[in-house]
Amino acid sequence: MDPILEVRNLHVVYRSPRGYVRAVDGVSMTVLDGEVLGIVGESGSGKTTLALTILRILPSNAKIVSGSILFRGSDLVSMDENALRDYRWKRISMVPQAALNALNPTMKILDHVLETAQAHGIRDRKYVIERISELLQMLRLEPERVLRSYPHELSGGMKQRVLIALALFLDPELIILDEPTTALDVLTQRFILDLLKDLHRKTGKTMIFITHDIAIIADVADRVGVMYAGKMVEIGDVYTIFRDPKHPYTKALIKSIPSLVGSVEDMKPIPGFPPDLINPPPGCRFHPRCPYAMDVCRSREPPAVELRPGHVVWCWLYAKR
Amino acid sequence: MRWIVRRAIIAFLTVFTAMTLSFFVIKAMPGDPIDALAQAFVRQYYMSYEEAYRLALAAAPFVPKGPVWKQYVEYMTKFFRGDLGVSISFSTGKKVAEILADAIPWTVLVVATSLVISFLMGIVIGMVMAYKHGSKLDSSLIVAFSILRSIPEYIVAILLLWILAFQMGLFPTGGRYDYWALELLKKGDVLAFLGNVLWHAALPILTWIITHISGWALAMRGSTIGVLGEDFITYAKVRGLPSRRIVIKYVGKNAILPLFTSFMLSLGFMFGGSIFIEFIFSYQGVGWVLYQSITQRDWYLMLGAFNIIIIAVVLGALLADMLYGFLDPRIRRGGTT
Ligand SMILES: Nc1ncnc2c1ncn2[C@@H]1O[C@H](COP(=O)(O)OP(=O)(O)O)[C@@H](O)[C@H]1O
Ligand SMILES: [Mg+2]
């Protein structure tokens, strides 16, 4: 498979009163055509920042310091707003977190759809309604009722499906789903995940699936990237990572899944706290919490080690020195 | 529909209670209209107080007599039949309703104009500040508005009167219009008359805008900053919506909502005008009448003016509640309150 998106050594910071927050700090990854790439990490590890950077809609206090994001070979980082217009939503769309009130409370769902279509030059109202109805139906929603509703009249799960339908509306090449099920109850979460898997099976659409819940990843993703404190620490196919995780953080994450460990008693939470991203620890950012930490981990950043084609880990344990 | 009826009943009770309160508070004020008039005679004509009192009694025969609760019942029953009583001392014998009917349009002209202008300007400036929050422009405007907000109306009014009217002669020093303009109106020159009216209203309006714009701008700034942080703004940008649409439909509309109720209440309060502004510019609106009636203890005139304000404010609040549902779909089925 060809790469559709290549992120190379990306650095993004936020200006804050205390100093620069190094939210994404040297992340590299590749998304292959037609795959579902999972990205997992604790909250605050920079997942949303990565997603917003790909779409180039970072808040005004954020800055891309360096790195490139190649989408089918064109660098999104150096692109101007005008050129980006052809990429945003038309070629790369996004499903935000359901709890986030992503829809304008004073507008009906249909108006959200119409304005989105219009912003991309589609003015044929009849076509818009037909197309969105088709998508809503596929997501098991009643189009007439939903389109007539205001956001607050829909449940979390319904809103989330509306956002998925909107993301599919222009038939983009890549969809970024940022914690699409996090705010939902367990049953709705299950339902949405099944819909998404079904959708992927039918359309073969490339997806980046972001979550803090590694248990979900096994279910939906082909490959997974593990993020810790603004860094990618391990990336590889789901089967390999779950069966034989290499990075101590990945190991700890997988040990924390109740259903994999067997019983709640065997679950091991990771001791310590994620670091402050304004003054991150030197060397490997995980070293203060790492049971295997060596001297070199405290002073020098770990290199990328390719253990096997496609399985990369950023850890001194595997570096040949 | 049921909640409208319920809200209307509550509004009526509010009006009734407020009117009752103001009746007894006014009656409990020290001094009475005859005494006030007598004091004025003493000051003007150097006569003895007894003599002045007799004169005042003769000049103002309309002072109410009998027990206060009887006066109250009589006043209220007449009020709801549209009879607001007569002026005791300010314009002896003249109907309060007539005096107010003459004053209200002028006050409304000044306040409605100022309110709309200061609201619109405040909204725009507040939004610009919010979009540039943290910038030099924003922080200097915050300082400027905070200072402006703490300057009392009468200081601004006196400064404008002194500089623009007395020193530079750009505007008249007082009054609602000139008599020569009225003559022109009688000859059919409406435009000239209107021009004259606006020329007289200019300084009161300017004072009002200067003292009220800070409130709107700062409120809108805060509200807009809140909305800018909402997820639906980010999500609108990702969908590639043009920024014009985001500014108006997403930021503007949602940021104005919390200001709407205060705007409607201000519309109600506008019938009271401003005592200071109208007094300083000798602008004969409701505030000016109110000032005169208070100094002369002209009970019924005072009550009439207060009650008009009370009714207007309560109606404004009622209207705000009803209209809010149309603006904000989240409370449209307002049956719960
Ligand atoms: N607008 C912002 N301003 C300042 N810091 C921010 C902002 N957004 C996120 N951050 C910080 O950046 C880091 C990464 O955040 P985020 O990308 O949202 O992580 P995640 O999505 O993995 O939870 C966090 O430390 C967060 O506090
Ligand atoms: Mg996030």
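A salt bridge is a side-chain nitrogen of Lys or Arg within 4 Å of a carboxyl oxygen of Asp or Glu. Keep that rule in mind for the legends below, which all show a predicted model.

**View 1. Chain A is divided into two domains.** Domain 1 of chain A is made of residues 3–91 + 173–274, while domain 2 covers 102–171. Taken over C-alpha atoms, the centres of domain 1 and domain 2 of chain A are separated by 25 Å.

**View 2. Domain 1 and domain 2 of chain A meet at an interface.** Here 18 residues of domain 1 of chain A are in contact with 15 residues of domain 2 of chain A. Between them, the two domains bury about 1500 Å², and carbon and sulfur atoms give 72% of this area. Look for Trp89(A), Lys90(A) and Leu195(A): they supply 37% of the area that domain 1 buries against domain 2, more than any other three residues.

**View 3. A salt bridge joins Lys205(A) and Asp171(A).** How many salt bridges does the rule find across the interface of domain 1 and domain 2 of chain A? It finds one. In the pair formed by Lys205(A) and Asp171(A), the closest N and O atoms are 2.7 Å apart. Polar contacts between the two domains of chain A come to four residue pairs.

**View 4. Helix 7 of chain A lines part of the domain 1 side.** Which element gives the largest share of the side of domain 1 that touches domain 2? Helix 7 (residues 186–203) of chain A does, with seven residues. Sorted by class, this side of domain 1 has nine nonpolar, two polar and seven charged residues.

Conventions:
Residues are numbered from 1 along each chain as its sequence is written. Chains are lettered from A and ligands numbered from 1 in the order in which they are written. This is a predicted model: local features need pLDDT of at least 70, side-chain atom pairs count only at pLDDT 80 or more; totals for chains, interfaces and linings use all residues. Side-chain values use heavy atoms; hydrogens and water are left out. Domain bounds come from an automatic or database domain assignment. Contact means heavy atoms within 4.5 Å. Buried area is the accessible area (1.4 Å probe) that two parts lose on being put together, summed over both. A polar contact is a pair of N or O atoms within 3.5 Å; within protein, one must be able to donate a hydrogen and the other to accept it, and residues adjacent in sequence count only if both atoms are side-chain atoms. Helices (H or I, at least four residues) and strands (E, at least two) are DSSP runs, numbered from the N terminus. Ala, Val, Leu, Ile, Met, Phe, Trp, Tyr, Cys and Pro count as nonpolar, Asp, Glu, Lys and Arg as charged, and the others, Gly among them, as polar.
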